[in-house]
Amino acid sequence: MEIMHVAGNDHGEILLYTLSTCVWCRKMKGWLDEKGFAYSYVDVDQESKREKEAVMDEVERWNPLCSFPTVVVNQKECFVGFKPKKLLELLGL
Amino acid sequence: MITSEKVNDLYSRLYSEAEAGGYHLNPDEEFTRDLIEALLINTQRYGYQSCPCRLADGVRDQDLDIICPCDYRDPDLTEFGACYCALYVSGEIARGEGEVRSIPERRPSQRDRSHEGQRGKGEEEKHADGEQHGGGGAWEKEPTYPVWRCPVCGYLCAREHPPEKCPICKADKDHFKRFL
């Protein structure tokens, strides 16, 4: 699995499971870029078939519907979709 | 290679098809262009126009319900005013009277889909045995969905709610009457 790291200000661990084609995923990444937050992401559709299954098992643990973007905050909580307010709330900002 | 001409071509085709059928593309052109480019990427990858916002399996049979326009578009338009990707939006949003947002996923989980598939398979096998045949007409049991009738042109559709506009004669949703 190829986890991409984007440098920025550390407000907590933000991991996004995304699709490279998904516009809501792009919006979430774009918002983080604009705010200068550090975050990591995996574009699941870019993984090999075998890797994809392993990543989807991970996604399923957080979000049984396996929808995108699945955003995991501090390895504790998660939400799905383009929801900047929810992210700020989970980060305590 | 996905050129901007290809994006333009698909954009104008989808736009005219949508409008002709009483549907609307998202008026946010940049957002919609990104989605249309993603549809072209998926067509190149999988050979069919799989939903850009969902992970395709790559096997057409497994992805039939998420080939755009997907099986979930119309119920999502009715409930949220936009499809899951927000490529298609309601008339209200197309007129700029509302905003699109991320909506919940309506597609069942893979686990539930495969259970559904198993059940479907079981039914076919029963029929193949011949034991379940005989006498049974389609109307013996309650239909799975209500059937709506457009009183203008007689168009019938079996779904939870009528479409926003009749795809045949463009009559508005409130014209539809429950038929079955």
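Val72(A) has Cys78(A) as its bridge partner in strand 5 of chain A. The model that holds this pair is a predicted one. The two strands concerned, strand 4 (residues 70-73) and strand 5 of chain A, run antiparallel and are joined by 4 bridges.

Helix 1 of chain A, residues 23-35, packs on the sheet. Helix 1 of chain A touches strand 2 (14-18), strand 3 (39-43) and strand 4 of chain A. The direction of this helix makes about 155° with that of strand 2 of chain A. Helix 2 of chain A, residues 49-62, also packs on the sheet. Its contacts are with strand 2, strand 3, strand 4 and strand 5 of chain A. Here the angle was taken against strand 4 of chain A, and comes to about 70°.

The sheet itself is open and has 5 strands. Their order is 1-3-2-4-5 in chain A, and the pairing is mixed. Strand 1 (4-6) and strand 5 (77-80) of chain A stand at the edges. Each has a single partner strand, so one side of each is left without a neighbour in the sheet. From one strand to the next, the twist averages 20°.

Other pairings in the sheet can be followed residue by residue. Strand 1 and strand 3 of chain A run antiparallel, with 3 bridges between them. Val6(A) has its bridge partner, Tyr39(A), in strand 3 of chain A. Strand 2 and strand 3 of chain A run parallel and are joined by 4 bridges. Leu16(A) is bridged to Tyr41(A), a residue of strand 3 of chain A.

Chain A as a whole contains 3 helices and 5 strands. Read from the N terminus, its elements follow the order β-β-α-β-α-β-β-α. The radius of gyration of chain A is 12 Å, close to the 12 Å that the globule rule gives for 93 residues, so chain A is as compact as a globular protein of that length. Along the principal axes, its C-alpha atoms fill a box of roughly 35 × 20 × 20 Å. Of the 93 residues in chain A, 37% count as buried. Contacts between residues at least 6 apart in sequence were also examined in chain A, and 63% of them join residues at least 24 apart.

Chain B has 6 helices and 5 strands. From its N terminus, the elements run α-β-α-α-α-β-α-α-β-β-β. Buried residues account for 26% of the 180 residues in chain B. Among contacts in chain B with a separation of 6 or more, 43% involve residues 24 or more positions apart.

Helix 4 of chain B spans residues 73-80. Its buried residues are Asp74(B), Asp76(B), Leu77(B) and Phe80(B). Seen down the axis of helix 4 of chain B, these residues fall within an arc of 160°, so they line one face of the helix. An α-helix has 3.6 residues a turn, so residues three or four places apart point the same way. The buried residues of helix 4 of chain B pack against strand 2 (88-89) of chain B. Just after this helix, Gly81(B) takes a positive phi of about 80°.

Tyr145(B) lies in a loop of chain B, between helix 6 (110-129) and strand 3 (147-149). Tyr145(B) has 12 C-beta neighbours inside 10 Å and therefore counts as exposed. Neighbours within four places in sequence aside, Tyr145(B) is in contact with Ala158(B), Arg159(B) and Glu160(B). Arg159(B) is 14 residues away along the chain, yet the C-alpha atoms of Tyr145(B) and Arg159(B) are separated by 5.3 Å.

The two chains also touch each other. Chain B supplies 14 residues to the contact, and chain A supplies 16 residues. On the side of chain B that touches chain A, helix 2 (residues 29-46) of chain B gives the most, with 6 residues. The residues of that side of chain B comprise 8 nonpolar, 4 polar and 2 charged.

Key:
Residues are numbered from 1 along each chain as its sequence is written. Chains are lettered from A and ligands numbered from 1 in the order in which they are written. This is a predicted model: local features need pLDDT of at least 70, side-chain atom pairs count only at pLDDT 80 or more; totals for chains, interfaces and linings use all residues. The radius of gyration is taken over C-alpha atoms; the globule rule is 2.2 Å times the number of residues to the power 0.38. A residue is buried if 20 or more other C-beta atoms lie within 10 Å of its own, exposed if 12 or fewer, and partly exposed in between; C-beta atoms are placed from the backbone. Two residues are in contact if their C-beta atoms, placed from the backbone, lie within 7 Å. Two strands pair if DSSP finds at least two bridges between them. Axes are lines fitted to C-alpha atoms, for helices over the stretch in contact, and angles run from 0 to 180 degrees between N-to-C directions. The arc is that of the directions from the helix axis to the C-beta atoms. Ala, Val, Leu, Ile, Met, Phe, Trp, Tyr, Cys and Pro count as nonpolar, Asp, Glu, Lys and Arg as charged, and the others, Gly among them, as polar.
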